Amino acid sequence: MTERGVFVTGTGTEVGKTVVAALIARTLAGAGTRVAVFKPAVTGLDDPGEPDHELLRRAAGSEQGDEEIAPYRYGPPASPHLAASLAGEEIDPARLRAAAASAAEGADQLVCEGVGGLLVPLAAGYTVRDLAADLALPLVVAASPELGTINHTLLTLEAARSAGLEVAMVVLTPWPDVPSTVEASNLETIAALGAVRVETVPRLDLSDPKRWPPLSSA
Ligand SMILES: Nc1ncnc2c1ncn2[C@@H]1O[C@H](COP(=O)(O)OP(=O)(O)OP(=O)(O)O)[C@@H](O)[C@H]1O
Ligand SMILES: [Mg+2]
């Protein structure tokens, strides 16, 4: 793990980015590291369930406020550029960069979760990938272990590397106790074809970060 933090992206939406980012934050915090968390925009606050910034804060043991973790927060479950537009505003890349820098102040490591996948627009002409590049943090790619993941994961690695981003690892989540032939092969294939380190995360009880097994590579 870098000295400054990581940027957790994924192959798409609902693939386990928050779980992976929260586990990295918890692993670091459990080792005595001061961890700050950051998510450029949270959408879907109208939906039931714990919002991403709240799970990230709990896992990190952070005392950051909502605004410090996620400067843009919207009710509709929509891409951030659309959710912002529905609220009559635009996401400002400069404000995101400043907010991430401010979140990192006073912390040893910044664990940042992206939104959707790398090519999701945050604002006109500014994608999640652009933000990852601006923050200059190595990427962690959350992905499903299931059928379809080879293509999605290799596409994500290609999109990352074509922009010069460093990929620290792929994390398959939730990894079953007894992987199927397909799942076991997916891990090997992604590692070989993607020339990348692949880690796994078992199904976690999200209510209790203190009981999570550490991510060994974090
Ligand atoms: N290791 C795991 N243990 C428990 N639940 C998991 C695990 N991995 C993924 N999940 C479940 O998969 C779903 C998606 O995970 P998560 O919310 O982390 O995805 P995401 O990529 O952050 O989604 P979004 O794009 O909305 O931010 C959640 O219901 C989460 O609880
Ligand atoms: Mg999430």
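I take a residue as buried when its relative accessible area is under 20%, as exposed when over 50%, and as partly exposed in between. The model I am working from is predicted.

**Entry 1**

I looked up D52 and found a relative accessible area of 22%, so D52 counts as partly exposed. I then looked up T18, which is buried at 11%. Which helices hold T18 and D52? I placed T18 in helix α1, residues 17-30, and D52 in helix α2, residues 52-60. The two are 34 residues apart in sequence, so the pair ties together separate parts of the chain.

**Entry 2: L119**

I went to L119 next and located it in the loop that runs between β5 (109-113) and β6 (121-123). Is L119 buried or exposed? I noted a relative accessible area of 54%, so L119 is exposed. I checked its contacts, setting aside neighbours within four places in sequence, and recorded T127 and R129. I also took the C-alpha separation between L119 and P48, which is 26 Å for a pair 71 residues apart along the chain.

**Entry 3: whole chain**

I counted eight helices and ten strands in the protein chain. For 218 residues I would expect a compact globule to have a radius of gyration near 17 Å, and the chain's value of 16 Å agrees. I fitted a box along the principal axes, and the C-alpha atoms fill roughly 50 × 35 × 35 Å. What share of the 218 residues counts as buried? I have 50% in my notes.

Residues 24 or more positions apart account for 75% of them.

**Entry 4: surface and charge**

I put the accessible surface of the protein chain at about 10,000 Å², with 50% of that area belonging to carbon and sulfur atoms. For the charged side chains I have 16 positive and 28 negative. The centres of these two sets lie 4 Å apart.

Technical notes. Residues numbered from 1 in each chain as written. Chains lettered and ligands numbered in written order. Predicted model: local features only at pLDDT ≥ 70, side-chain atom pairs only at ≥ 80, totals over all residues. Heavy atoms only, no water. Helix = DSSP H or I, 4+ residues; strand = E, 2+ residues; numbered from the N terminus. Rg over C-alpha atoms; globule rule 2.2 N^0.38 Å. Buried < 20%, exposed > 50% of the residue type's maximum accessible area, 1.4 Å probe, protein only. Contact = heavy atoms within 4.5 Å. Areas by Shrake-Rupley, 256 points an atom, 1.4 Å probe, with all protein chains shown as cover. Lys, Arg positive; Asp, Glu negative; His and termini not counted. Charge placed at Lys NZ, Arg CZ, Asp CG, Glu CD.
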